[in-house]
Amino acid sequence: MRIAYSVETVRSAERALMARLPDGALMQRAAAGLAAACADLLAGVYGRRVVLLVGSGDNGGDALYAGARLARRGAGVTAVPLAPDRTHAGGLAALRRAGGTVTRPDAAGAAIDRADLVVDGIVGIGGKGGLRPEAVPTAERVARSGAVVVAVDLPSGIEADSGEVPGAAVRADLTVTFGTHKPGLLVDPGREYAGTVRLVDIGLRPELPPTPDLQALQHADAAALLPRPAAESDKYRRGVVGIAAGSARYPGAAVLAVSGALRGGAGAVRYVGPAGQAVIARFPETLVSDRGPREAGRVQAWVVGPGAGDDAATVAQVLEADVPVLVDADGLRLAERAAVRARTAPTLMTPHAGEAAALLGVAREEVEAARLSAVRELAARYRATVLLKGSTTLVAGPDGGPVRVNPTGTPYLATAGSGDVLSGLAGSLLAAGLTALDAGSAGAYLHGLAGRFASAGAPAGAHDVAEAIPRAWRDVRD
């Protein structure tokens, strides 16, 4: 599992580690890892042209010491200090001893245009508010140059704790981060600016607390969460999920939610709603009822809301159930906040950015720009686990613990009905006994993989995504 910590936590851990190390040792470790990553990217250092964009902080020093290492291996290295009177003196001296050169920003254009690689050491993880105006022209010149860009710890201009991009920022092809991931490297829009992320071990892990701020599942983590039927399993041991979804206008939402639940491993699916005939025609194994959620029969979790239109009564009935409930789509609009907060069984809400914005009373753009704070705020307001769908799907629990970040998403999941499939899939995992946080995380992970398999780089519909869930399941398990 990849984990990320806040700037304050990282700084505290660095201070504790530096107190036990010789002066400058931590920076040398970071510089060595940075130089090795640059050398790997260049596929040969001798004769390559490297430009260092150097700010006033420690990551400017990291860039200078790394540049010195590259210069000693035969690279032509030019440093561009953007704050000349506050440049790391030791790093600058090391670069000059190794044969590197130094130039002013207003004279660096030719070097940038010829560069094979540019190292972004302008602003460290403590930076706020985007790039300073004086750094913007140089960053823009780099973007036009076509050189490969390597960011030191975090692309300059990205908010390390949130992934927010409040102004101009550097777009990196590779970000070399030290000690641990930072939240802004895993959460969009910052993640998009980071490119590929390479973590360099500098000995920080023993100084970090056991509970991180963010977690990102990997295959082994998802595999450990997925239920595995035993020899004595029956449909109830595997989990029976109720689906209250669909309407005369949106019968397909019910079909897709049921498909996600069945492909997600449910022992049985009970469907309640007006789309029973459409559901049975597609999935004859579904147990269909027209008597409402209270009379539908035994279930171990409910999914309510996809395509439900204005059926507030059904949503209210489901929220009264003493089993885990997943609320999606129209259900989010119809669910009374007090009713959600009063529930004693787990609740998982699955909004996209527009739905989250409506629940928070803000513009959609605000949610998309500050996804991490939005998902945490929703979880706190509703006392529920919230899965915020989008370019990086986030899952936050009501207790304020680590937020889960899903790494498997694909833009091809941005298609009508894809969210309905995810609702059924995550609902089946709830019914199997997973916590709301685990069901949301594992469901998003499988859903993302299924989207990749279904599209394979070409357009695919929600039905195709549902059909690819078993393949995603096998891929994780194998």
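Is D113 buried, partly exposed or exposed? I looked it up in this predicted model: D113 has 40% relative accessibility, so I wrote it down as partly exposed.

**Entry 1: the partner of D113.** I found that D113 makes a salt bridge with R141, and the closest N and O atoms sit 2.5 Å apart. D113 is in helix α5 (residues 109-114) and R141 is in helix α6 (residues 136-145), so the pair ties together parts that are 28 residues apart in sequence. R141 comes out as partly exposed too, at 30% relative accessibility. I noted the total for the structure as well: 18 salt bridges.

**Entry 2: a longer reach along the chain.** Next I checked E467, which forms a salt bridge with R282 at 3.4 Å between the closest N and O atoms. This pair links distant parts of the chain, with E467 in helix α21 (residues 462-467) and R282 in helix α12 (residues 276-282), 185 residues apart. E467 is partly exposed at 36%, and R282 is partly exposed at 34%.

Entry 3: I then turned to E368 and R364, whose side chains meet in a salt bridge at 2.9 Å, N to O. Both lie in helix α17, four residues apart, which is about one turn of the helix. An α-helix has 3.6 residues a turn, so residues three or four places apart point the same way. I got 35% relative accessibility for E368, partly exposed, and 39% for R364, also partly exposed. Back to E467 for a moment: salt bridges that share partners join R263, R282 and E467 into one network.

Entry 4: What does the side chain of R343 reach? I found the backbone oxygen of L319, at 2.9 Å. R343 sits in the loop between α15 (337-342) and β15 (347-349). R343 is buried but has no salt bridge, and the nearest side chain of opposite charge, D322, is 7.6 Å away. Leaving aside neighbours within four places in sequence, its contacts include V318, A321 and P324.

**Entry 5: helix α18.** I checked the length of α18 (residues 371-382). Twelve residues at 1.5 Å a residue should span 16 Å, and the end C-alpha atoms are 17 Å apart, which agrees. Which residues of α18 are buried? I listed R371, L372, A374, V375, L378, A379 and Y382. They cover an arc of only 170° around the axis, which puts them on the same side of α18. Just after the helix, R383 takes a positive phi of about 50°.

Key. Residues numbered from 1 in each chain as written. Predicted model: local features only at pLDDT ≥ 70, side-chain atom pairs only at ≥ 80, totals over all residues. Heavy atoms only, no water. Helix = DSSP H or I, 4+ residues; strand = E, 2+ residues; numbered from the N terminus. Buried < 20%, exposed > 50% of the residue type's maximum accessible area, 1.4 Å probe, protein only. Lys, Arg positive; Asp, Glu negative; His and termini not counted. Salt bridge = Lys/Arg side-chain N within 4 Å of Asp/Glu carboxyl O. Polar contact = N/O pair within 3.5 Å; in protein donor to acceptor, adjacent residues only side chain to side chain. Contact = heavy atoms within 4.5 Å. Expected span 1.5 Å × (residues − 1). Arc of directions from axis to C-beta.
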